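Take a moment with the sequence and the 3D view below.

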Amino acid sequence: MKYPHVVSSVTPVQAKTLINSHDYSYLDVRTREEFSEGNVGGSVNIPLYFSITIEEQLNDDFIADIAAVFERDSLIVVACKSGARSLAACELMLNAGFSGVVNMRGGFFGLRCDKTGAVIDTGWLDYYL
């Protein structure tokens with residue numbers, strides 16, 4: 001039986017520090033359309049889903065696409081729009097044997113809110129990184 005992994009998470013500011021250390025790469029798992037709306041310079045875009053409409057279409061080649069770009073021991077900050085898809089992507093990657101992945105809470109655009117509407121995770125853009 002496979003147990004879920006505990007995915008390490010970092011804030012956008014911590015992610016920027018990891019990337020600036022030149023040890024970590026930035027993997028953006030948003031759709032190509034979302035990526036074209038704004039992205040982190042030097043990032044790699046491999047969508048987890050091809051569409052985020054009601055009928056989400058999972059990228060069945062996601063792990064193969066990742067493996068074509070990254071070694072399984074690569075250090076990778078994984079991000080999306082707000083942090084939910086990147087968390088799922090990290091879990092998939094860890095299950096596939098990638099060991100150096102961390103999720104970026106808040107994603108690129110942030111704005112994840114609690115039930116009261118208060119922002120609980122700010123994104124990369126919110127910090128003007």
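**From one side chain to the whole chain**

Start with asparagine 103: a polar atom of its side chain lies 3.3 Å from the backbone nitrogen of leucine 87. Keep in mind that this is a predicted model.

Where does asparagine 103 sit? Its place is in strand S5. Is asparagine 103 buried or exposed? Asparagine 103 is buried, with a relative accessible area of 3%. Now look at what surrounds it.

Next comes helix H4. It runs over residues 84–95 and has twelve residues. From first C-alpha to last, H4 reaches 17 Å, close to the 16 Å expected at 1.5 Å a residue. Which residues of H4 are buried? They are Arg85, Ser86, Ala89, Cys90, Glu91, Met93 and Leu94. An α-helix has 3.6 residues a turn, so residues three or four places apart point the same way.

What covers the buried residues of H4? The cover includes three strands, S2 (24–28), S4 (75–79) and S5 (100–104). It also includes helix H2 (32–36) and helix H3 (62–69). After H4 comes glycine 97, and its phi is positive, near 100°.

Turn to the cysteines. How many disulfides does a search of the whole structure find? It finds zero. Cysteine 80 is in no disulfide, and the nearest cysteine sulfur, that of cysteine 90, is 9.2 Å away. A disulfide needs the two sulfur atoms within 2.5 Å. Cysteine 80 is buried, with a relative accessible area of 1%. Cysteine 90 is buried too, with a relative accessible area of 0%.

Now step back to the whole chain. It holds four helices and seven strands. Read along the sequence, they follow the pattern β-α-β-α-β-α-β-α-β-β-β. The chain has 129 residues, and 42% of them are buried. Take the contacts with a separation of 6 or more: 57% of them join residues 24 or more positions apart. Finally, consider the surface. The chain exposes about 7300 Å², and carbon and sulfur atoms supply 54% of that area.

How values were computed
Residues numbered from 1 in each chain as written. Predicted model: local features only at pLDDT ≥ 70, side-chain atom pairs only at ≥ 80, totals over all residues. Heavy atoms only, no water. Helix = DSSP H or I, 4+ residues; strand = E, 2+ residues; numbered from the N terminus. Expected span 1.5 Å × (residues − 1). Buried < 20%, exposed > 50% of the residue type's maximum accessible area, 1.4 Å probe, protein only. Contact = heavy atoms within 4.5 Å. Areas by Shrake-Rupley, 256 points an atom, 1.4 Å probe, with all protein chains shown as cover. Polar contact = N/O pair within 3.5 Å; in protein donor to acceptor, adjacent residues only side chain to side chain.
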